[in-house]
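These are my notebook entries on one structure.

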Amino acid sequence: MIPLSLQEAALASGGQLHGADDPCRMITGPLAFDSREIAPGSLFCCLKGKSVDGHDFAAHAVATGAVAVLADHPVGVPAIVVPDVLAAMSQIAARVASAYSGTVIGLTGSAGKTSTKDLLRSILELDGPTVATPRSFNNELGFPVTVSGVEAGSRYLLLEMGTRGLGHIESLCDVARPSIATVLGVGSAHIGEFGSREAIADAKAEIVRALPAHGIAVLNGDDPLVAAMAGETDATVITFGFGEGCDVRAEEVGVQHDGRPHFVLVHGSTRRRSDLRVHGRHNVLNAVGAAATAIAAGIPADRIAQGLREAVISSGGRMEVITRADGVTVINDAFNASPESVVAALAALGDIAGPTRRKIAVLGEMAELGNEAASWHDQVAQHVIRLRPAEVIGVGSTHMDRMLTILNAAGVAAGKVAPGSPLVEEINRTLRPGDVVLIKGANALGLEAVARDLSASVV
């Protein structure tokens, strides 16, 4: 963190110091909202949740290394008392960002944000010290925590930005304004909340509108809604994708026998073969987006190629592929599930299994699709039918029932498991040595924990 005194933090957040003997004492660690993850010198933020109140952990936070706490009332330890703790977090993070002179990169899209962030971080870290969004800390809670962790010597601040409504990304950009902004695509995730893909695009475009004139917009040239964002900024535009008109593109895309993709990265007269360590051919687009963003940052081609070659998806629940001692391969892609990501995961299941291994798909009902939910589940069912897995295990209610009916009618063995049932045991009863099993579903269904338990179990 770029050090900030308690007095400076209080001024930035409009707060008052309580119980702080030395207003000049420095905050040297990032903001924290989990008392189990206190870094020495940090500022603990007392947030109120549904069942836990962070104010109850204020004394523990200070005892374990926090300089003070951010609270909405005095708590008996050094504190900055503010009207709204969450809003104050963003205000303090913005004060830190204002003192940062490195390159701020913002990244958004309906799908692939976190995977692309991990790929890009691998490249950036070869070029200089990088602070990047951990896991999926891409909203009003996690975003200021990431920003507050930047240091004066950090060359890059890589920020993933999520949105659930108009103005969300704009408010994140007010905390830390990017000079490079990447938009991966506009899909169907959260379409039930937005109402249309056009409305989603409008919300995503806020990151492009936030760019200064000397900035660079990195846009998916194959997505018409994203490509149109070029007209919303005076910044330089770089496009990426598969089409010949894209400035940075992938050609000669293929998949190795283990499901890891490869492609030729093309930029101008430069052509470089890239063999990825990550699984899933959908990660080719993510890799090209990462490469285009690195090009925007001025990183040399050799370094980009090395970063892509060495990159792994470190954020859990995204194309984690683990082969157990009994030869069963588990694909944990259960962090979340938009229709597009489910289709991509099914393709990865087919690539990894190849023509000889049995394919098992454990699919959870997709959420937040609004009036289009039934249609999307029908479309995904058709992709499953074309894949012809040995068995499908469904988790969910109405829409999953509909999907399973379609699958059974097409001759695909498919059954349902109710939430809360011993799902790992049920899956293990289905598996044979050498099978490949995909775990994919909405985050609320808890399938990521199922995937982890399944990966660790051998019967």
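I took helices (H or I, at least four residues) and strands (E, at least two) as DSSP runs, numbered from the N terminus. The model is predicted, so I kept in mind that local features need pLDDT of at least 70 and side-chain atom pairs count only at pLDDT 80 or more, while totals for chains, interfaces and linings use all residues. Residues are numbered from 1 along each chain as its sequence is written, and side-chain values use heavy atoms, with hydrogens and water left out.

**Entry 1: Lys117**

I located Lys117 in helix 4, residues 113-127. Is Lys117 buried or exposed? Buried means under 20% relative accessible area, exposed over 50%, and partly exposed in between (1.4 Å probe, protein chains only). Lys117 counts as buried because its relative accessibility is 1%. I then listed its contacts, a contact being heavy atoms within 4.5 Å. Neighbours within four places in sequence aside, Lys117 is in contact with Leu107, Ala132, Thr133, Pro134, Arg135, Leu158, Glu160 and Ser315.

**Entry 2: the sheet of nine strands**

For pairing I required at least two bridges found by DSSP between two strands. In general, strands of a sheet pair through backbone hydrogen bonds, either parallel or antiparallel. I read an open sheet of nine strands in the order 9-10-8-11-12-13-14-15-16, with mixed pairing. Its edges are strand 9 and strand 16 (270-275), each of which pairs on one side only. For angles, axes are lines fitted to C-alpha atoms, for helices over the stretch in contact, and values run from 0 to 180 degrees between N-to-C directions. Neighbouring strands here are turned by 15° against each other on average, direction ignored.

Within this sheet I checked strand 14 (residues 248-255) and strand 15 (residues 261-267), which run antiparallel and are joined by six bridges. Ala250 faces Leu265 of strand 15 as its opposite residue. Helix 11 (residues 283-296) packs on the sheet and touches strand 8, strand 11 (180-183), strand 12 (216-220), strand 13 (236-241), strand 14 and strand 15. The direction of helix 11 makes about 155° with that of strand 13. Helix 4, the helix of Lys117, lies across strand 8 (103-108), strand 9 and strand 10 (156-160), and runs at about 175° to strand 10.

Strand 17 (residues 320-323) pairs with strand 18 in the antiparallel sense over four bridges, and Glu320 stands opposite Asn332 in strand 18. The two strands form a hairpin with five residues between them, and Gly327 in the turn has a positive phi of about 90°. What covers strand 18 (residues 329-332)? Both of its faces are covered, with Thr329 and Ile331 buried on one side and Val330 and Asn332 buried on the other.

Strand 18 is also joined by four bridges to strand 22 (residues 436-440), in parallel, with Val330 opposite Val437. Strand 22 pairs in the parallel sense with strand 19 over five bridges, where Lys359 is opposite Val436.

**Entry 3: enclosed and open spaces**

On a 1 Å grid over the protein atoms alone, a cavity is a set of points where a 1.4 Å probe fits but cannot get out; a pocket is an open set with protein on both sides within 12 Å along at least five of seven lines; lining residues have an atom within 4 Å of a point. Grid points are joined across faces, edges and corners, and a volume is the space filled by probe spheres set on the points.

How many cavities of 30 Å³ or more does the whole structure hold? The search finds one. The largest cavity has a volume of about 30 Å³. Its lining is Val342, Leu363, Gly364, Met366, His377, Val380, Met400, Met403 and Lys440. Strand 19 (359-364), helix 14 (373-387) and helix 15 (398-409) each supply at least two residues of that lining.

The second largest pocket holds about 790 Å³ of space. It is lined by 36 residues, of which Phe33, Asp34, Glu37, Arg135 and Phe137 are the closest to its centre. Helix 5 gives the most to this lining, with three residues.
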